[in-house]
Each structure stands twice: as structure tokens, then as C-alpha cells.
Amino acid sequence: MSDTEQQPEDFHFPALTNGLDYLASAVDSLSGENGQPKPRDLKYGVLHLQAAVETLLKARLEMHDPALVWWTIKDYDERKHEAGDFKSCGVPGALKRLSDTVKIESVIDPEEASLTELANLRNRLTHFGWKDTVVAVQARTIPVLDLLVGFINTDILPHVDQAEEALSAERQMEQIRAGFKHLTDFVAHRMEALQGELARREHTTAACRSCRQFAVVLDGGANDLTCLLCGRQYGTGEDAAWEFIGSCRHVSIQDGGGDLNACGSCGSNAVIATPTAHSPERDTWICFACGATFEGICEFCDQAADLVADMDMCRDCYASRLAKF
Ligand SMILES: [Zn+2]
Ligand SMILES: [Zn+2]
Ligand SMILES: [Zn+2]
């Protein structure tokens with residue numbers, strides 16, 4: 001036996017094991033003892049979750065073809081690859097290759113908001129520290145964990161050929177699922193504590209873009225909009241409406257997309273279609289400035305309004321058309 005063959009095996013940490021290890025560490029740190037992690041644990045929870053995202057996406061690319069992990073695929077070189085001496089594709093690039101080339105089953109948008117927000121949170125943490133509450137950080141990581149656990153279950157575990165590796169991955173997953181459950185239980189508990197504030201406002205409560213919980217109450221424009229669970233601030237109703245559709249007025253008008261639909265009740269250009277706590281499975285036309293809800297958009301005056309039966313027309317437009325005859 002040569003010297004190299006006697007190297008301890010512990011140093012061999014394949015991408016999948018490594019990614020799952022980051023993930024296990026992340027859920028442990030984020031859930032803490034009884035859902036109360038210390039600030040330092042929370043910090044490492046976020047850093048390790050971001051590392052888990054990057055490592056696991058790339059592990060799946062690597063299982064298909066190691067060259068896909070490279071920023072420039074055609075430059076792939078096996079020796080440099082093994083030495084880790086290359087620039088790898090970023091998270092959006094990895095997601096695009098996973099869907100276009102590997103054709104994974106999970107549907108993950110390369111611009112997926114929760115992933116972008118996690119990356120932003122990580123950057124804030126590393127460079128500036130942060131002021132968010134514990135529950136804010138926990139709540140915002142749940143959509144990412146959800147997505148990642150789904151991806152591992154559908155697109156990674158079934159493709160692990162080696163029995164030993166599959167067994168160890170499954171063991172790591174048991175730990176991850178248990179930690180993840182603690183975390184979601186804790187956040188669900190915090191949501192329950194908010195029920196007093198959210199009760200009877202289901203029709204005007206939207207799901208937060210950061211934590212995905214129905215905790216943004218469109219309260220009629222008295223205050224800037226804030227997520228009651230994670231504290232994410234959205235500014236005025238109009239700002240929030242643009243944020244929810246992932247654009248801003250300036251860009252939209254520049255690109256010829258125009259303004260948001262006008263509200264037939266308060267006149268603000270702040271009406272978009274989004275699910276509410278009352279009907280989470282379908283979109284409702286709602287004004288983010290005043291909280292009024294509507295059946296649709298009138299094709300004639302472009303205002304959000306209740307429509308005349310079987311016509312895409314509001315009552316005013318219908319009446320004025322009738323008056324012409
Ligand atoms: Zn939130
Ligand atoms: Zn309005
Ligand atoms: Zn009309």
C-alpha cells in the first residue's frame with residue numbers, strides 16, 4: 001500500500017454529504033433550543049443555509065456532468081476540477097442548468113425570491129450585521145428550507161446509486177427533517193400568537209414576499225405596510241403593490257408596461273391580483289392602498305371594479321353605454 005492510500009478517509013467529503021451537512025447544521029442552528037437560538041447560532045444558521053443551497057444545487061449538476069458546475073462549461077478540466085481550481089456557476093446559473101440540461105422535476109425559478117432574499121440576508125450579515133428579530137430570520141429561511149428539502153427528496157435522493165452513500169444521505173435527512181419540523185412548529189406557534197391581530201381581516205391580508213405567511217394586512221393606508229410576522233417593511237400601499245409584482249413604477253413605465261390598475265374606490269394605482277388569507281388558492285384583485293377588493297378590471301376604463309355579469313365591464317361604463325342608445 002502506498003502512503004496516499006493510507007490517508008484517513010475523513011478528508012474525503014463528497015459534495016452531497018457536504019451539502020447535507022451544511023443543511024443539518026443550518027436547521028440545528030436556526031431552530032436553537034426551543035426555537036430560541038443565540039445570535040451567533042442564527043448567524044451561522046444563515047451562512048450554512050446559503051452554503052447548503054450552493055453545494056446541493058451543484059452536487060446535482062455534478063451527478064449529471066461535472067462540467068456543468070463550471071462557469072464556462074467548455075473550459076472544464078478534470079484535474080483543475082478535482083483541485084477546486086475553477087470559477088463555478090452561481091446559484092441562478094445552476095438553477096437554469098438544472099432545469100434546461102439536467103431536466104429536474106422540481107420547479108425552481110432561477111429568480112426565486114426566497115433564494116435571492118437569503119443571499120441578501122447573508123450579505124447583510126457578513127458585511128453589516130443585522131437588526132432583524134430572531135423570528136424574522138427563522139420565518140424567512142423556511143421557504144428556502146422547504147424548497148431545498150423538496151429538491152433533495154425528488155431530485156437528489158432517487159439518483160444516488162451507491163448504497164452506502166444513499167444510506168448515509170438518508171440518515172442525514174432524518175436529522176434535517178426533524179430540525180426543520182421544530183423550526184416550522186415554532187414559526188406556526190408565532191403565527192398563532194398573531195391570530196388576535198389577523199382575525200376578521202382575512203379578506204385584506206396578503207402573503208409576505210419574504211416569509212410567505214399571510215401576515216401583511218392592507219389596513220387602508222393609515223400606516224406603511226409591514227409583515228406582522230417577520231417585520232419586512234413594504235412602504236406605502238403603492239410601493240408594496242409594485243414590490244409584490246416584482247417590479248417598480250419607474251421600470252415599468254420606461255419599458256412601456258404602464259402603471260398598475262386604478263382602484264375604483266380610492267383612485268390609487270395600486271390594484272394587483274394576489275391570494276389573500278381568505279382565499280389562499282386563487283388570486284383576488286385587491287387595492288394595496290385601501291384594501292378594497294374587486295371582481296376584476298373593466299376593459300373599458302381600466303379601473304378595478306365589480307363587473308356587470310358576464311361582461312368585462314364596470315357598472316359605470318355599462319350605464320354610460322346604455323345611456324348612448
Ligand atoms: Zn414576512
Ligand atoms: Zn384603493
Ligand atoms: Zn369601466
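The zinc ion (ligand 1) is held by the SG atoms of Cys208, Cys211, Cys227 and Cys230, at 2.3 to 2.4 Å. Donors are here N, O and S atoms within 2.8 Å of the metal (3.2 Å for Na, K and Ca), and water is not among the atoms, so sites may look incomplete. This is a predicted model, in which local features need pLDDT of at least 70 and side-chain atom pairs count only at pLDDT 80 or more, while totals for chains, interfaces and linings use all residues. Residues are numbered from 1 along each chain as its sequence is written, chains are lettered from A and ligands numbered from 1 in the order in which they are written, and side-chain values use heavy atoms, with hydrogens and water left out.

Around the zinc ion (ligand 1), the 4 donor atoms subtend angles of 106 to 116°, and the arrangement is therefore tetrahedral (four donors with all angles between 85 and 135 degrees). Along the chain, these donors follow the spacing C-x2-C-x15-C-x2-C. Distant parts of the chain are linked by one pair: Cys211 belongs to the loop between strand E1 (205-207) and strand E2 (214-217), and Cys230, 19 residues apart from Cys211, to the loop between strand E3 (225-226) and strand E4 (233-235). Helices (H or I, at least four residues) and strands (E, at least two) are DSSP runs numbered from the N terminus. Both Cys211 and Cys230 are buried; buried means under 20% relative accessible area, exposed over 50% and partly exposed in between (1.4 Å probe, protein chains only).

With a relative accessible area of 39%, Cys266 is partly exposed, whereas Cys287 is buried at 0%.

At the zinc ion (ligand 3), the coordinating atoms are the SG atoms of Cys298, Cys301, Cys314 and Cys317, at 2.2 to 2.3 Å. Angles of 104 to 114° among the 4 donor atoms give a tetrahedral site, and the donors follow the spacing C-x2-C-x12-C-x2-C. Cys301, in the loop between strand E9 (296-297) and strand E10 (303-305), is paired with Cys317 in helix H11 (residues 315-324), 16 residues apart. Cys301 is partly exposed at 34% relative accessibility, while Cys317 is buried at 14%.

Ala240 lies in helix H9 (residues 237-244) and is buried, with a relative accessible area of 0%. Beyond its neighbours within four places in sequence, Ala240 is in contact (heavy atoms within 4.5 Å) with Leu225, Tyr234 and Phe288.

Between the domains, 2 salt bridges are counted (a side-chain nitrogen of Lys or Arg within 4 Å of a carboxyl oxygen of Asp or Glu). The side chains of Glu112 and Arg212 form a salt bridge at 3.0 Å, N to O.

Note on methods. Four donors count as tetrahedral if all angles lie between 85 and 135 degrees; four count as square planar and six as octahedral if opposite donors are over 155 degrees apart and all others between 65 and 115; anything else is irregular.
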